[in-house]
Amino acid sequence: MTIAFVFPGQGAQTIGMGKALAEAYPAAKAVFDEVDAALGEALSQLIWEGDIETLTLTQNAQPALMATSLAAMRALEAEGVSIDKAAFVAGHSLGEYSALAAAGAISVADTARLLRTRGQAMQSAVPVGEGAMAAILGLDLEAVRAVAEEAAQGEVCQAANDNDPTQVVVSGAKAAVERAAEIAKEKGAKRAVMLPVSAPFHCALMQPAADVMAEALAGVEITSPAVPLIANVRADAVTDPDEIRKLLVEQVTGSVRWRESVQSMAAKGVTEFWEIGAGKALSGMIRKIDRNLTSRQVGTAEDVAAITAG
């Protein structure tokens, strides 16, 4: 059995995530303390006792989800499961930063600050209400790309997340994305769902945020990860620190090639995926990508106990 550790993206956040891990494992609590110190605020208090609207703000959700993933990783390590149990690490969008921190390529403190900057930059790149995203269900990537091209009409409209064979997300100017949703239904999509997001992520409208991240990443030390990263925009393995830095910038405007990333890991021998952190969205996608693959969630103290027991 060959295992990959995968790390969730935005949308997985819940109030209280990681609290039981922090109570059960001092090393998990230390992650939240380190993130709080790096940001100069009690983000952990917001995660555990705040309101979901504030936690869901991009600038909060991104470092919060990373902290929860790293807390779960530290709990595993406390039980004797180290990062090198995985053949690869990967993450969905912001989860790529969690994966790199888990693999020791970027410090937890630097990762927290980068994700706070990334969240703020992505939010401010496009005025609220001018961009949108929609999940197209029941059409494959090529069909959705054709839909986006037809819908653009001179505006930005792109396939942003290729999540699984049944779901591709489009992102861009609000009117263009709304047109794409209607065209997709005409072309046979089962559903086209406008997403409750505050900005159009992973499209050309995010170029101002990519510029901010290029500057932020230039000032941060990145080392080779302990295990290879399957990068979002390449859907293949990368270990070179300069290449990782470049791909993290490209990721802001580029597509999240999650379906291809999972297929790439499977082709390299991975048979089981551990979803490290909050929720189980990635596990659902993985099942749709390849029914022969298995997945396990590692987001609670009970999950850690179950995995280390067997």
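Buried means under 20% relative accessible area, exposed means over 50%, and partly exposed lies in between, with a 1.4 Å probe and protein chains only. This is a predicted model, where local features need pLDDT of at least 70, side-chain atom pairs count only at pLDDT 80 or more, and totals for chains, interfaces and linings use all residues. Residues are numbered from 1 along each chain as its sequence is written, and side-chain values use heavy atoms, with hydrogens and water left out. Helices (H or I, at least four residues) and strands (E, at least two) are DSSP runs, numbered from the N terminus.

**Helix α14**

- Helix α14 spans residues 301-309, and Ala-301, Val-304 and Ile-307 are buried in it.
- The buried residues of α14 pack against α1 (19-24), α5 (58-78), β9 (272-276) and β10 (294-298). Contact here means heavy atoms within 4.5 Å.

**Ser-295 in strand β10**

- Ser-295 belongs to strand β10. Ser-295 is partly exposed, at a relative accessible area of 21%.
- Residues up to four places away in sequence aside, Ser-295 touches Phe-273, Ser-283 and Arg-287.
- The side chains of Ser-295 and Ser-283 are joined by a polar contact of 3.5 Å. A polar contact is a pair of N or O atoms within 3.5 Å; within protein, one must be able to donate a hydrogen and the other to accept it, and residues adjacent in sequence count only if both atoms are side-chain atoms.
- Ser-295 and Lys-280 are 15 residues apart along the chain, and their C-alpha atoms are separated by 9.3 Å.

**Asp-164 in strand β4**

- Asp-164 lies in strand β4, residues 157-164. Asp-164 counts as buried because its relative accessibility is 3%.
- Asp-164 touches Arg-259, Met-285, Lys-288 and Ile-289, not counting residues up to four places away in sequence.
- The side chain of Asp-164 makes a polar contact of 2.6 Å with the side chain of Thr-166.
- A polar atom of the Asp-164 side chain also lies 3.0 Å from the backbone nitrogen of Gln-167.
- Asp-164 and Arg-257 are 93 residues apart along the chain, with their C-alpha atoms separated by 9.2 Å.

**Asp-110 in helix α7**

- Asp-110 is found in helix α7. Asp-110 counts as buried, at 18% relative accessibility.
- Asp-110 is in contact with Val-220 and Glu-221, leaving aside neighbours within four places in sequence.

**Salt bridges**

- Side chains of opposite charge can pair when their charged atoms come close.
- A salt bridge is a side-chain nitrogen of Lys or Arg within 4 Å of a carboxyl oxygen of Asp or Glu. By this rule the count is 15.
- An α-helix has 3.6 residues a turn, so residues three or four places apart point the same way.
- In helix α8 (residues 141-152), Glu-142 and Arg-145 lie three residues apart, about one turn of the helix. Glu-142 and Arg-145 form a salt bridge, with their closest N and O atoms 2.9 Å apart. Arg-145 is partly exposed, at 42% relative accessibility.
- In helix α9 (residues 174-186), Lys-174 and Glu-178 are four residues apart, so about one helical turn separates them. Their side chains meet in a salt bridge of 2.8 Å, N to O. Lys-174 is partly exposed at 36%, and Glu-178 is partly exposed at 33%.
- The side chains of Lys-246 and Glu-243 meet in a salt bridge of 3.7 Å, N to O. Both residues lie in helix α11 (residues 241-253), three residues apart. Salt bridges that share partners join Arg-234, Glu-243, Lys-246 and Glu-250 into one network.

**Largest pocket**

- On a 1 Å grid over the protein atoms alone, a pocket is an open set of points where a 1.4 Å probe fits, with protein on both sides within 12 Å along at least five of seven lines; lining residues have an atom within 4 Å of a point.
- The largest pocket has a volume of about 720 Å³. Grid points are joined across faces, edges and corners, and a volume is the space filled by probe spheres set on the points.
- The largest pocket is lined by 33 residues, and Gln-10, Gly-11, Asn-161, Leu-195 and Val-197 lie nearest its centre.
- Helix α13 gives the most to this lining, with three residues.
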